[in-house]
Structures are given as structure tokens and as C-alpha cells.
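Biologist: Could you walk me through this model before I set up any calculations? I would like to go over the helices and the ring contacts.

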Amino acid sequence: MMPPAVEATQFDRAAADQMTKIISDLSRMYHERNEALQEVARAHHEALLLLAMAAEYRDDDTGLHIVRIGFLAEALALRMGQSRHYAELLRKAAPMHDIGKIGIPDCVLKKPGPLTPAERQVMDRHPVIGADILGKSRTPLFQLAAEIALTHHERWDGTGYPNRLSGEDIPLSGRLVSVVDFYDALTMDRIYRQAYDHGKVMDMLSRQSGKAFDPAIVDCFIHHGDELHAMRLAVKDNGAGFTQLIQNQSGSQQGPPHFQGGNAACPPP
């Protein structure tokens, strides 16, 4: 009498063990691939931030302007009701807003006085240069950085450059960074003038509401003005810098102690 045939569906332990090993190997390869891609992205980000810092050193001998822009942009975005993910991305992208200045000659960039019309045309090319440098990457971080570089000199009333966008046609990232860039640039010493005090700059910012800047963002900045001013000062006092900008954790946790997040008190734009 012949033994009964083995059922085709009978459990095969050896095959199951082999399948488990294949799945485990695929999972390991997937994680290794992701870690490698993340490392490449980090290296790319660091390289571009260093390029941004090189551009900034040509116009500011401390390089802290871009550090403050990152933290202030993150803090303002949170107070405008934006998500923490968006705010953190903005912190990493905003410091590259003027990377295009790397392509502007020193005779224009460092001129201690008003620019001629021809020199102004040269200077006004830096948003396009920056967007071209940053826009070659398809990753969300660099796409946001390219958007900021291209639009942070647009004006709410449509008289900005390079594309004369107006109102909400200007991306939110550009509208946010233009406000913090204006504030920080005026409260720092430049080759052609001394820094203005906090109160004067807040008054200047208020007068540009609805002209250069989104009124809702200006209102929010003024509402939190003292706090944001303290944040600006804390960057130097607490040693926040390049490393904190590129960390994955929130700058409000890793940066100066004044950079504590909180419930947004301003409505989103």
C-alpha cells in the first residue's frame, strides 16, 4: 500500500525560514538605503549652508545674520499658526535666502553708499541666482529654500523684485522671511550705517504694513516683538549657530532658551 501523498499546502519550515531571512535582508537593505539617502541630503544641506555663509561673510563679518534668520523665521511661523514640521523646514531653508549674493561683485555688494541704477540691476539679480543654485534639487527642503530665495524681495504692493508679485501671490515662505530679514538687517551694523534700535525698527516695520509686507504677518511680529527681540539677542548669548540650524529637532528645543514654542496667538494669514 502506497503512503499518502504530502499535501501541497503542508507547512514547510525550511521555506518559511528562508522567506523570513529574505524579508529581514530586504528590511535591512531598505533602512541602510534610507540612512544613506539621509546622509547625502544632510551633506548637501551642509554644503549649501556653508555656501550661504560664505556669501553672508562678504556682507556681514560675523555670519550670524543667517543663523538668526533661521530661528526667527521658525518662531514667527509657529506664532502664525503653521505646523511644527513647516516651521522646522523653514528654519533650515530660510538661512539660504541670500545665497545668490555669492554671484554679486564686491564693488556692488560692499559699496558704502547708494547704488547707481546699473548697480541696482546687478544687485537685484541675486534672488534669481539663488533660486537657480537651490532649485536644482527636487527635495522639499531645497525647493522651499529656492522659493524663499526667489521671493523674499517681492513686496505686498507688487513693487518688489524680481517678478513683481503682490499679495498672496507671494508664497508664505517669502512673506515670512522678508519680515524677519528686514527686522534683523536693520538691527545689525552694516558697512554703510549703524544698527537701529529695536523700537525704531518696529516703527519702520509698522509703516511698511500693507506696502512691503503682509499686514497679518507684521501684526503678528509686532504682537510678539519683545519676545522675538529677546530671541534675536539669545542667538549670540547662548551660542546657537550652524549646528543647531541643521538639526532635525525643533530649534525651539535645541536653540537658545528664549526659543520656546507655544500656542500661536496670531491667526494664520
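Modeller: In this predicted model, helix α2 covers residues 64-79, and its 16 residues reach 23 Å from the first C-alpha to the last, which is close to the 22 Å expected at 1.5 Å a residue.

Biologist: How many residues of α2 are buried?

Modeller: Helix α2 is mostly covered, with 15 of its 16 residues buried, and just after α2 comes G81, which takes a positive phi of about 90 degrees.

Biologist: Now the rings: how many aromatic pairs does the structure hold?

Modeller: There are two aromatic pairs.

Biologist: Where do F182 and F213 lie in the chain?

Modeller: F182 belongs to helix α8 (residues 172-186), whereas F213 is in the loop between α9 (198-207) and α10 (215-223), so this pair links distant parts of the chain, 31 residues apart. F213 counts as buried because its relative accessibility is 6%, under the 20% cut-off.

Biologist: And what is the geometry of Y183 and F221?

Modeller: Y183 and F221 form a tilted pair, 5.0 Å centre to centre with 55 degrees between the planes. Because Y183 lies in helix α8 and F221 in helix α10, the pair ties together parts that are 38 residues apart in sequence. Y183 counts as buried at 0% relative accessibility, and F221 is buried with a relative accessible area of 0%.

Biologist: Which ring does the charged end of K200 sit over?

Modeller: The charged end of K200 sits over the ring of Y196, at 5.5 Å from the ring centre.

Definitions and conventions
Residues numbered from 1 in each chain as written. Predicted model: local features only at pLDDT ≥ 70, side-chain atom pairs only at ≥ 80, totals over all residues. Heavy atoms only, no water. Phe/Tyr/Trp six-rings, centres within 6.5 Å; stacked < 30°, edge-to-face > 60°. Helix = DSSP H or I, 4+ residues; strand = E, 2+ residues; numbered from the N terminus. Buried < 20%, exposed > 50% of the residue type's maximum accessible area, 1.4 Å probe, protein only. Lys NZ or Arg CZ within 6 Å of the ring centre and 35° of its normal. Expected span 1.5 Å × (residues − 1).
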